[in-house]
Amino acid sequence: MATSPAVHAHAAPQGFIRKYVFSLDHKVIGIQYIFLALTAVFVGMFLSLLMRIHMIWPTAVLPLIGEIKPETYLQLLTMHGTIMVFFVLTTAPQGGFGNYFLPIQIGAPDMAFPVLNMLSFWTTFVAFVVMLCAFFVTGGAPLHGWTGYAPLSALTNSGPGEQLGADLWITSIAIFCVASLMGALNFITTVLDLRAKGMTMMRMPLTVWSWFITAILGLLAFGVLLSAGILLLLDRNVGTSFYVPLVVVNGQVMGHKGGSPLLWQHLFWFFGHPEVYIAILPGMGVASQLLSTFARKPIFGYKAMVYAIMTIGILGFVVWGHHMFMSGMSPYSAFAFSIMTMCIGVPSAIKTFNWLGTLYKSKIRFQTPMLYAIGFVSLFVSGGLSGPFLAQPVLDIPLHDTAFVVGHFHLIMGVAAIFGMFAGMYYWFPKMFGRMMNETWGRVHFVLTLIGTYSIFMPMHYLGMAGQPRRYSQFTEVAYLAHLMPLNRFITYAAILTIGAQFIFVINLFWSMFKGPKASDNPWEATTLEWTTATPPPHDNFGGHTPVVYHGPYEYSVPGAAKDYIMQTDPAGVPSH
Amino acid sequence: MASLSPTIPVRVPETGRGGGSAPPQFGGGGDGGRNDGYPDYGQRLRRARLGLAIALAPIFMFFVSLVSAYVVRQGLPTFDEQTNTYVRDWIPVQLPVALLLVNTALLAASSITAELARRQITRQAALAPVQAIPGVTLGEGRGFPWIYVTVLLGAGFLTGQWFAWQELANRGFYVATNASSSFVYLLTAAHGVHLAGGVLVLIYAAAISLFHKPVEARRIVVDVTAWYWHFMFLLWIGIFGLLWFMR
């Protein structure tokens, strides 16, 4: 039988380039994604720091940066949003932890298409470089917001940064779309085709379910963003009028006619809403996993959790209009989108109650990963509860484009999702690097970050209700907002302290990689497959044989069992149904 | 998908199927039951086909979004300064229908030849173990070069599309002339780019046969590309139909 030797791609590579740069090993690629996201998050945090400083000291002259002009502020917020949403929230939870742990958790030696996996990381890297280039070209970065609304984004003379900077922005996002589609393809094929013996779909850990559904969302959404971006590039550079109606800029009649800015909004948000679920679902999976592990209790309602993830995924495709309530859409459409948006609160609530049910009457081990998982639940509830407010078109009239919206999505994406990443990092660090992160500094980091992020984003709800708009570079000249400046100053000080606290995490991360106490193979006494293998896992994950799975992933505190956990691969444990 | 090909009179060994509520007796893990983690050629083919089916979803969504934009734009009124009213400004493009029909015929023919290439290499892969026995030949020789013919027909289609663009330009319809012309160029170009990708992969498949890569690996490439090719043909029918019947 002539099976090609190329099939045996799992022979360990030699040489630095094949091992660490153009590696086909999903574990290396996962770490590459994590480091990309780590770089991106510090760039994004720095941009937000400049924004917050400018908001309370608008005329300040900063060292090396100089004065931040209003248009510069818009450039900062555009790049902050874009970098954070795309290169942090869409890469680390899915491409980072998903790439590393999905194959291991289902008992596979690697992803379905290792070469495609390597390409998807390096394409993401190219997209990131192109995005950063926008800062350095003539005119600088674009100023049209991460949402890139036309006609501001579709005209090259609409502001500084809207020439080459905006073209680079769109190109970067288009490249990122291709990279994400390649990754999504890999994830879905792997889950469907590479599960080990006994690893049925309903025995997969909830982390795997979340990565699977997230990949399906990405598969269906990124193609639409790609088409939107191509139409935008054509409008800008070729003179088509997909998005641009008859416009006059600075007294000059532009050559466009008949286009619709709403078309951009529809196409963008048809992608944009599934995108935010892509950002949060992996965090939910990690939270489920960790809450069960550290409470030593099975996840409450595993099947409901699976169906809730699926429902969130499906409903996520029919709510995009809730970003457009103020666009002049028909109130009947607004009503339909509003109802669907409220419906999506149901599976989210099911998940939240099931997390609480997991914790109920359990003996919790309050180690750092668990603190972050509990923090995730807290922040998901805090940020999620303001969603139904915004889902009412009538309430959206005063709240649209205010700090209320900023508070809502930051609590969910900028904090809860990040807590999911922190939880994953502290939890899986022993398996990835063979050492434990420092527990004390982990707890310090958690407390400072929790208090800090709540201090930053909770007051924004009040600010929004008081009428403070978003994306405005200056409030000091406006009388009706003057009484809000003390609160804005408080938020900025909290932001400075919280950003400072993140250095504790980074130092802990890198110091522990080299000097942390050595970890055993299963320091958290968890049940899933990654804890059955060596630390760090060998090249083909399981040392030459594929595991056989006998149980579901949450066999904790099983009555009659010898230990308070039964690993999925343990044939001698009490059989589950 | 296996039911669409004619049954080949050679028994292909069945591999196990994974999953189920109890650990299966064999199969699963993508390693053909050998427990070494490496998939065999049949599983790799199924995996590649699964990958293609999944990959066609975002491509489909991409074209769905373009078609949706087309339909919406067609119905959008524009404000006309002269009459101070909203008017529909959709001016249908004068499509070079004869040329496009010739291109469609070329693509249809290429779909047929792609399918013939796929079945040819399926037979060759099935009979490879027999031919490995010393002294045994099956007399089929190299076989008709269906892959090369498909590449030629595909390249012919793309060239014909280029001529169609030239003809459109001669008739005064450029990319930015009006909304309908923009969409005609956009949809045909997007389809052409995807088809060109398929042409390149087929050239690769033809090239690796010259380098004597194992027939099983080549079969996977040709099989997946042929299905992709059929999808591209159906997509073209859809696009042409849209541009003609909803002009």
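Student: What should I know before I start?

Tutor: Residues are numbered from 1 along each chain as its sequence is written, while chains are lettered from A and ligands numbered from 1 in the order in which they are written. This is a predicted model, so local features need pLDDT of at least 70 and side-chain atom pairs count only at pLDDT 80 or more, whereas totals for chains, interfaces and linings use all residues.

Student: What is the mean pLDDT of chain A?

Tutor: The general idea is that pLDDT is the predictor's confidence in each residue, from 0 to 100. Here the mean for chain A is 93, and 97% of its residues reach 70 or more.

Student: Where in chain A does pLDDT stay under 50?

Tutor: Look at residues 1-9 of chain A. The model has 18 contacts for them beyond four places in sequence; two residues are in contact if their C-beta atoms, placed from the backbone, lie within 7 Å. Where pLDDT is low, the predicted coordinates should not be read in detail.

Student: How do I read a helix, and what span does helix 7 of chain A reach?

Tutor: Helices (H or I, at least four residues) and strands (E, at least two) are DSSP runs, numbered from the N terminus. The expected span of a helix is 1.5 Å times one less than its number of residues. Helix 7 of chain A covers residues 206-237, which makes 32 residues. From first C-alpha to last it reaches 45 Å, close to the expected 46 Å.

Student: Where is the kink in helix 7 of chain A centred?

Tutor: A bend at a residue is the angle between axes fitted to the seven residues ending there and the seven starting there. In helix 7 of chain A the kink is about 25 degrees and is centred on A221(A). Helix 8 of chain A bends too, by about 30 degrees at W269(A). That helix has 35 residues and reaches 50 Å, close to the 51 Å expected.

Student: Why does I339(A) count as exposed?

Tutor: I339(A) counts as exposed because it has 12 C-beta neighbours inside 10 Å. You will find I339(A) in helix 10 of chain A, residues 331-359. I339(A) and A391(A) are 52 residues apart in sequence, yet their C-alpha atoms are 8.1 Å apart in space.

Student: Which residues touch the most other members of the largest nonpolar core?

Tutor: A nonpolar core is a set of buried Ala, Val, Leu, Ile, Met, Phe, Trp, Tyr and Cys residues joined through C-beta atoms within 7 Å. The largest one has 235 residues, and those touching the most other members are I188(A), F212(A), A287(A), F376(A), A416(A) and A423(A). Not counting residues up to four places away in sequence, A416(A) touches several residues, including I280(A), F376(A) and L411(A).

Student: What should I look for in the backbone angles?

Tutor: A cis peptide bond joins A150(A) and P151(A), with omega about 0 degrees. P151(A) sits in the loop between helix 5 (114-133) and helix 6 (164-193) of chain A. Another cis bond joins T535(A) and P536(A), where omega is about -15 degrees. As for phi, R296(A) has a positive value near 55 degrees and is not a glycine.

Student: In what sense do strands 1 and 2 of chain B pair?

Tutor: Two strands pair if DSSP finds at least two bridges between them. Strand 1 (residues 77-80) and strand 2 (residues 85-88) of chain B pair in the antiparallel sense over 4 bridges. P77(B) stands opposite R88(B). The two strands form a hairpin with 4 residues between them, and N84(B) in the turn has a positive phi of about 60 degrees.

Student: Which elements make up chain B as a whole?

Tutor: Chain B has 5 helices and 2 strands, running α-β-β-α-α-α-α from the N terminus on. Of its 247 residues, 38% count as buried.

Definitions and conventions:
A residue is buried if 20 or more other C-beta atoms lie within 10 Å of its own, exposed if 12 or fewer, and partly exposed in between; C-beta atoms are placed from the backbone.
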